[in-house]
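User: I would like to learn how to read a structure like this one. Please take me through it feature by feature.

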Amino acid sequence: MSNRPDAGSAETARRQDRPHTDDGQKGDDNMTPQNLHTHTVFSDGKNTPEEMVLGAVRAGCTSLGFSEHSPLAPFYDPDRYAMEAADLPAYRSEILRLREKYAGQLEVYLGLEQDYDSPAPGPDFDYLIGSVHSVVADGVCLSVDNTRETLVSAVREHFGGDYLALAEAYFQRVGDVAARTGCQIAGHFDLLTKFNEGDCLFDAGAPRYLDAAMGAMEALLRRDVLFEINTGAMSRGCRTSPYPAPSLLRALRERGGRICITSDSHSEGTVAFAFRQAGELALACGFRETWALTETGFQAIGLEKFLEHVS
Ligand SMILES: [Zn+2]
Ligand SMILES: [Zn+2]
């Protein structure tokens, strides 16, 4: 059976029939909007955790999850974007301090953006976002999202100019990220399109690209993770629409996949950036609900209700 986005899936009906912990329409006002993808000065963010808390309150959030970049060995972190391993205890205690301080005003969750190449995290986190930021070729670690220039030179020097070969290497890792990290959320599924708006670098509709992407999607669906609709590249001026691409979102919906809307925020003014656009995109691609973390686990929020609370 074809694996392309327009092909059906044997598991689709079963997944869509699965009972949810919420009917998706209750729309508890205390849990929307929420951002679970937040960075601070503990890694490559611009603001302190407390400044991000205040930014979330200003944005009308009633909950916020911190997802600092998990520690990486220097080989995998040439851009030094990750948190230092020695800072993990301070990160953990600062987020827990904020949870106490802002109790009743903002629910605070302690998470981690667990990199494909990081050692396993401890058990102390409320949730993990599993992310792939790089591939390894010719013994070199190559970032797919640092700058457009580094992406272009990586493809030229290590993939013979073949972006689809890069995509195959990238999605091979993405498909494995949940098994490897134990994450509940798959981060920015098609991150390698960060600098490819309008297909300016490569054809994201090419069969080889779609086969690689759909293989990864099917692998992640088997792990039943949430897929982010992520607006981070928009707030940083790289894109005018969230990722994943609409064709991939429609394929995800057809296969019974679930989403959560995140901003991948690196500054206090972008905690709920473009959430309306992300919610409208989800609706247009056929989703009826987005998922949020609560004190009793992940719960569905109807997208119509979600859109009432975002600007
Ligand atoms: Zn990331
Ligand atoms: Zn991130």
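User: Which residue stands opposite Ile-185 in β8?

Analyst: Leu-226 stands opposite Ile-185 there. First, some ground rules. This is a predicted model, where local features need pLDDT of at least 70, side-chain atom pairs count only at pLDDT 80 or more, and totals for chains, interfaces and linings use all residues. Residues are numbered from 1 along each chain as its sequence is written, and chains are lettered from A and ligands numbered from 1 in the order in which they are written. Helices (H or I, at least four residues) and strands (E, at least two) are DSSP runs, numbered from the N terminus. Now the pairing. Strands of a sheet pair through backbone hydrogen bonds, either parallel or antiparallel. Here two strands count as paired if DSSP finds at least two bridges between them. Strand β7 (residues 185-186) and β8 run parallel and are joined by two bridges.

User: What is the strand order of the open sheet?

Analyst: The order is β1-β2-β3-β4-β7-β8-β9, seven strands with parallel pairing. β1 and β9 stand at the edges with a single partner strand each, so one side of each has no neighbour in the sheet.

User: How many bridges join β3 to β2, and how many join β3 to β4?

Analyst: β2 and β3 pair in the parallel sense over seven bridges. Ser-67 stands opposite Gly-111 in β3. The chain goes from β2 through α3 to β3, a right-handed β-α-β crossover. Right-handed means that, with the strands pointing away from the viewer, the path from the first strand over the helix to the second runs clockwise. On the other pairing, β3 and strand β4 (residues 127-131) are parallel over five bridges. Gln-114 is opposite Gly-130 in β4.

User: How many of the residues of β3 are buried?

Analyst: Start with the cut-offs. A residue is buried if 20 or more other C-beta atoms lie within 10 Å of its own, exposed if 12 or fewer, and partly exposed in between; C-beta atoms are placed from the backbone. Nine of the nine residues of β3 are buried, so this strand is largely enclosed by the rest of the structure. Both faces are covered. One side carries Glu-107, Tyr-109, Gly-111, Glu-113 and Asp-115, and the other Val-108, Leu-110, Leu-112 and Gln-114. Over the whole protein chain of 311 residues, 49% count as buried.

User: Which residues of α2 are buried?

Analyst: In helix α2 (residues 49-58), they are Pro-49, Met-52, Val-53, Gly-55 and Ala-56. They cover an arc of only 165 degrees around the axis, which puts them on the same side of α2. That arc is taken from the directions from the helix axis to the C-beta atoms. Now look at what they touch. Two residues are in contact if their C-beta atoms, placed from the backbone, lie within 7 Å. The buried residues of α2 pack against β1 (34-35), β2 (63-69), α3 (88-101) and β3 (107-115). After α2 comes Gly-60, with a positive phi near 85 degrees.

User: Which residues are buried in α9?

Analyst: In helix α9 (residues 275-284), Phe-275, Ala-278, Gly-279, Leu-281 and Ala-282 are buried. Their arc is only 160 degrees around the axis, which puts them on the same side of α9. Their cover includes β8 (226-230), α8 (246-254), β9 (258-262), β10 and α10 (303-308). α9 is followed by Gly-286, whose phi is positive, near 100 degrees.

User: In which sense do β10 and β11 pair, parallel or antiparallel?

Analyst: Strand β10 (residues 289-294) and strand β11 (residues 297-302) pair in the antiparallel sense over six bridges. They form a hairpin with two residues between them. Ile-301 in β11 is the bridge partner of Thr-290.

User: Where should I look for backbone exceptions?

Analyst: Most residues other than glycine have a negative phi, and most peptide bonds are trans. Asp-138 is not a glycine, yet has a positive phi of about 55 degrees. Asp-138 sits in the loop between β5 (134-137) and β6 (140-143). With 8 C-beta neighbours inside 10 Å, Asp-138 counts as exposed. Asp-224 also has a positive phi of about 55 degrees without being a glycine. Its loop lies between α6 (207-222) and β8. A cis peptide bond joins Tyr-243 and Pro-244, with omega about 10 degrees. Pro-244 lies in the loop between α7 (232-235) and α8.
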